[in-house]
Amino acid sequence: YYSILLFLKGFVVKKELIEHYTKKMVEGIDKSKKQIRENKKSKHQEENWLKYDEVLKLFRLNKYKLDNEDKLLLSLVILYPRRVADWKLLRLNKSNNKTKKDINYNYVNINKFGTPTTFDFNRSKSQNYEKLGTNHKIPNVLKKILQTYISKNHLQNGTFFFGENTDDNFSKRIRKCFQTITTKDITSNDWRHIFSSNMENKNYTLNQRELKANQLGHSLIRSLEYAKK
């Protein structure tokens with residue numbers, strides 16, 4: 001209905017026609033919102049669902065099946081499940097860098113000792129929720145993984161961690177990584193639902209959930225909607 005409205009607004013049409021499709025769109029939004037807040041799994045999720053701890057276990061057991069770059073990618077996705085675009089645009093920024101960072105990309109910032117300290121998320125699909133240039137402290141578990149990868153691969157300042165992929169190719173890449181370690185068809189979006197459901201199952205407080213939601217680049221309400229029964 002939204003597409004129909006965009007099309008119609010390019011022409012001179014009767015006001016009643018615009019009102020009709022606007023009403024239909026609003027009804028559809030309301031219906032979709034109610035369905036989301038039932039917290040039910042989709043058919044795809046029912047068939048491929050794994051609990052958070054099960055995925056972690058399978059990752060530990062089967063990560064040897066991934067090459068080093070995909071291993072790093074899935075570590076980031078699993079331990080800090082941002083949206084696909086956030087990792088696709090990820091570059092390295094060293095403390096001695098004299099060049100101004102390009103705000104069209106995201107960064108792993110490392111200090112003079114080579115230790116990763118923070119993420120800069122300048123561009124993501126969460127821009128309507130997050131402020132431009134959101135800075136996040138990197139969890140200790142990821143610091144070690146990133147530091148080892150950067151050191152072993154001798155990454156230079158400004159280097160992309162995962163090359164320049166299209167959104168579609170990058171989504172498929174993450175999906176294939178999950179399939180390799182779990183044999184399930186888990187998308188990055190499915191994983192965000194599994195992650196949010198884990199907080200529900202482990203009785204996180206609202207304050208804890210809000211903190212995690214902020215780290216993931218969405219609101220507390222969205223996190224509650226993502227949790228599945």
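Hi everyone, one definition to begin: helices here are DSSP runs of H or I with at least four residues, numbered from the N terminus. What we are looking at is a predicted model, where local features need pLDDT of at least 70, side-chain atom pairs count only at pLDDT 80 or more, and totals for chains, interfaces and linings use all residues. Residues are numbered from 1 along each chain as its sequence is written, and side-chain values use heavy atoms, with hydrogens and water left out.

Now, the pockets. On a 1 Å grid over the protein atoms alone, a pocket is an open set of points where a 1.4 Å probe fits, with protein on both sides within 12 Å along at least five of seven lines; lining residues have an atom within 4 Å of a point. Points join across faces, edges and corners, and a volume is the space filled by probe spheres set on them.

The largest pocket holds about 400 Å³ of space. Its lining has 16 residues, with K63, K71, L72, S75 and I145 nearest the centre. Two or more lining residues come from each of α4 (52-62), α5 (68-79) and α7 (140-152), and α7 gives the most, 6 residues.

On to the second largest pocket, at about 210 Å³. Which helices each supply at least two residues of its lining? They are α7, α9 (188-201) and α10 (206-216), with the largest share, 3 residues, coming from α9. Among the lining residues are Y52, F195, M199 and K212. This lining divides into 9 nonpolar, 2 polar and 1 charged, counting Ala, Val, Leu, Ile, Met, Phe, Trp, Tyr, Cys and Pro as nonpolar, Asp, Glu, Lys and Arg as charged, and the others, Gly among them, as polar.
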